[in-house]
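Visitor: Hi! Could you walk me through some packing in this one?
Guide: Happy to, let's bring it up.

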Amino acid sequence: AAPPTPCTMARLALVPMVAMLAMAAFTCALTEEQRKTTQRLTALKSASAQHSRLSAHSTFGPHGKRKILGVSSHLIAAAGPQAKGCSMTMTIVQIVNNVAGAGILTLAAGMAAGVGWIPAIIICLTLGTISGFTFYLIGAACEMTGETSFKGLWSRTLGARSAWVVDGCIALMCLSCAIIYSGILGDVFKALLQLAGVKPSAMLRSATIITLTACVLTPLSLLKDLSALSFTSALGCVAILYTAAFVVTRALDGSYAPPSALLESLAPSRTPSFTKSSISRLDARALVLVSNLGLAFIAHYNAPAFYEALERRSVRRFGKAVGVAFAILTLLYTAMMGFGYLTFGDNAASNLLLNYAENDKLAVVGRLATGASILFGYPLAMVGLRNSLSGMCASLSTEPALPKTLKTALGAAAEESARVPLIVGLLTLITAIACTVEDIGVVVGVSGALLGAAIVYTFPPLIYGKARGASTPKPIYALVPLGVFLGGLGTYMTLKGA
């Protein structure tokens, strides 16, 4: 079946476009709110002292994870809890900015795996609704328990001895994101170097990643004071909005429809193809899209910080803020998925920026914005990775069941003296994986399936159920087997497709 016409998609896109314009307006106010938040952080430190034992190695920052375009960017800054007094509007802005990230670049490829238009849109809307609901459940559990961090919430409801699971999940998330960011840096700067006249080479991508890691990422990641990089949050949001705008523009202006000079410059594997395009097709390959969305919607470990920061907070007000934020995210993701697929069809790449011609002026600006956002935001990912690993090691070092030698080693790894060798070792591992795995879709799919299943679908209903007790509605627990099902099969289908 032929794909919908650009005119049809333009009409369908009116609501997502309005949502993106709203995001742009929200972003204008974000920087000022962040400045005010920073000023209030000192006053909050004493209030968080009662949680110091559980969150001594917490990685939750003033705005949760710092988002940059490159994945669903899940960057977590270790700077303390959010400041209190955020208005409803600013809470919505911060949730959207916290969640939206580079997972947005993979959605068209998820649809290209073999999902029809109607099922793809339904999947995006359904998972967006479920993700928003489970985000809300975490806030409701905070109200019932009085906890203000995800780790504290886990300890209160599921047991302190297993609280290391929180740090473990965040560590895996940050590790996955860092690998994806390194891969995108390689893709983006390879295209820019070739546009500048560098001769194409099979090793150019790997050489670019290694050079950037050695000369830029390592020095930045070893910095102890990252306050100068706080602008990356707004930069990432601007990069996302610009990318969405140029993807929609190229889908509607016919730049990649024959005859076209831009189209002629593309490799055959990147040119538009619609042989598998369908209105209603749905099979097991839809799980690839489900996995990509799983990573794109993750931010639930930061829900307690948002709830604690909400002005005149209540479960009802938090529910409204979460509902609006996830509605914006869902519409944005649906638009990016649809317009990306409308342009390139079955050949949409897992990093959509790879599909656009190297000399496409709009794409060049998009690559520059993406590259700058990732370069300066990357150290925040390393902070989250290092702190979550240290927190997990510190927690496990007191576990009675472990051998004494192992506990001593874990305790040593959590010490400040291990900071530099740990960061260098992690960067070496990340760089090796990013150079070996050229398709970021594999990392996005596997991490989205496994971590999305755990953090989005499984943990929230269990925590909420424990907090509420016997009065918990039974249907909420149905999300647990759903998470297990989607996680297992999503991982299998992602690896099979790769």
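**Helix packing and aromatic pairs**

Guide: Let's start with helix 8 (residues 164-195) and helix 18, which pack with their axes 10 Å apart and at an angle of about 155°. Keep in mind that this is a predicted model.

Visitor: Which residues make the contact?
Guide: From helix 8, they include V165, L172, I179 and D187. Helix 18 contributes I440, V443, V444, S447, L451, I455 and F459.

Visitor: How does that contact split by class?
Guide: The contact of helix 8 with helix 18 has 13 nonpolar residues, three polar and one charged.

Visitor: Switching topic: how many aromatic pairs are there in the whole structure?
Guide: A search finds 15. In one of them, W154 and F459 have ring centres 4.9 Å apart and planes at 80°, so the pair is edge-to-face.

Visitor: Where do W154 and F459 sit in the chain?
Guide: W154 is in helix 7 (residues 150-158) and F459 in helix 18 (residues 440-468), 305 residues apart.

Visitor: Are W154 and F459 buried or exposed?
Guide: Both are buried.

Visitor: What about Y307 and F318?
Guide: Y307 and F318 are also an edge-to-face pair, with 5.3 Å centre to centre and 90° between the planes. Both Y307 and F318 are buried.

Visitor: Which cluster do ring pairs build?
Guide: Ring pairs link F135, F297, F306, Y307, F318, F326 and Y333.

Technical notes. Residues numbered from 1 in each chain as written. Predicted model: local features only at pLDDT ≥ 70, side-chain atom pairs only at ≥ 80, totals over all residues. Heavy atoms only, no water. Phe/Tyr/Trp six-rings, centres within 6.5 Å; stacked < 30°, edge-to-face > 60°. Helix = DSSP H or I, 4+ residues; strand = E, 2+ residues; numbered from the N terminus. Buried < 20%, exposed > 50% of the residue type's maximum accessible area, 1.4 Å probe, protein only. Axes fitted to C-alpha atoms, helices over the stretch in contact; angles between N-to-C directions. Contact = heavy atoms within 4.5 Å. Nonpolar A, V, L, I, M, F, W, Y, C, P; charged D, E, K, R; others polar.
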